[in-house]
Amino acid sequence: MIISKFIAVGAIATLSVGFAVEQPPRDGTNSNFENFEQESDTSNENLLLENETIKTLVESQDVGQTLDESAAAPDEPTLTVYEPRILEEADLVGDISTNEVTASFPLPSGCAASADRASLSCPSGQIAFSSTIVDAAGTLLSAEVGVDADFLYLTTTPPGDAQFPVIFTAYLTDVSTPEVLEDAEDALAWMVAQDDSDGLSQEELEREERLLNDAVATGMHDPSDDPYGVHNSKSEVSAAALLNTPGSGLLTVVPVASSRPFKVQIPEGYRHCPSWCTPKARHDYCTSPAVNAWATRQGAADFRGPCARHDMMISGIAKKSISRDSKRSQRATGDKVFLVQLQQNCRHGFYKTSQLTGKASCFTATAGYYAAVSVTTRRWDGK
């Protein structure tokens, strides 16, 4: 399965939560966090979120290495995401509206803020970044962005109606593909909003598998075969809007008694043969550098099922005698199903309350997967 170059930094580590700070995050006088703290009302509580379990230098080098790889294949978009920082309501002091919260992310190695501080100047070129803060309701919160010589800072004061926990992260991409940042944010917001409510039923998954297997056996894919009812949706509708549309038929409520959704399994008809099958990317589960499983110290999520089904969907569309634009439109619909299935397997792998940070990490990574394949779909030649 082709996924544009993507890496989530420090996936194997657990994440720290917010803590009250009385000092800036590091020594020195030229710090934006210092400026945020000094400019804030003295009645505010200032909290800093950072990743204590991964060394700053390691996180910086990992992000920088991924961005540098883009220079070797400039036709492929690069998407990188930091491990999320998590804000729990228990971390706040007193009235929510008096808490100013800042998350810090080390700049990628070799990168510096551009003159307007709206992008980063890196060895691989100009890099755009998102300021992604999402509460548990899937609401994107406003952020004040700060950049100094070493860190990117995202600061917000959670509104009184904010739902917790709140996820802070930043996606980075080449400035030539800024739309990928919006795709990733929309996907993450949807994943978080649907965390404990909806999921694909076992019957729906089995029906989709039968259709995919039949398509492989016959070499034909009938466009009327639509197990989730999304093919007639407008292609320009974002994933977040489409999947939240009442009556879309895409999602089925998981029984209330179930706190763990069904796992999306590998279809029996899928051929895993990357060494000899062509094209290789449709026979290798999740194409490197994407991973087949998302593992943290809290658990793991298996992505082979969603990736295999996505591969089979692309193969079926590629065989059709229809226009390239029609193929792209149908593949974009399949990408939305891919998003739903990735989210479901994140929830299957990280279903316990104690696995919150692992699930947040899984969501941020897979939202990036979806955004990356969306870019690939828009550029697809239909073959």
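Guide: Let's start with the handedness: α3 and α8 cross in a right-handed way, meaning that the near helix is turned clockwise from the far one by less than a right angle. Before going on, a word on the source: this is a predicted model, where local features need pLDDT of at least 70 and side-chain atom pairs count only at pLDDT 80 or more, while totals for chains, interfaces and linings use all residues. Residues are numbered from 1 along each chain as its sequence is written, and side-chain values use heavy atoms, with hydrogens and water left out.

Helices here are DSSP runs of H or I with at least four residues, strands are E runs of at least two, and both are numbered from the N terminus. The α3 and α8 axes sit 8 Å apart, at an angle of about 135°. Those axes are lines fitted to C-alpha atoms over the stretch in contact, with angles from 0 to 180 degrees between N-to-C directions. So α3 counts as oblique to α8, the label left over once under 35 degrees is roughly parallel, over 145 roughly antiparallel and 65 to 115 roughly perpendicular.

Who touches whom? With contact meaning heavy atoms within 4.5 Å, the α3 side includes Glu179, Asp183, Leu188 and Met191, and the α8 side includes Phe363, Tyr370, Val375 and Arg378.

Now zoom out to the packing. The largest nonpolar core has 40 residues, and Leu188 and Met191 are among those with the most contacts inside it, along with Tyr171, Trp294, Phe303 and Cys362. Such a core is a set of buried Ala, Val, Leu, Ile, Met, Phe, Trp, Tyr and Cys residues joined through side-chain atoms within 4.5 Å. Buried means under 20% relative accessible area, with exposed over 50% and partly exposed in between (1.4 Å probe, protein chains only). α3 (179-193), α8 (356-378), α7 (324-349) and β4 (79-81) each supply at least two residues of this core, and α8 gives the largest share, 10 residues.

Tryptophan 190 also belongs to helix α3. It's buried, at 2% relative accessible area.

One more pairing for contrast: α6 (residues 304-318) and α7 have axes that come within 9 Å and cross at roughly 170°, which makes α6 roughly antiparallel to α7. Met313 and Ile317 of α6 and Phe338 and Leu342 of α7 are among the residues making that contact.
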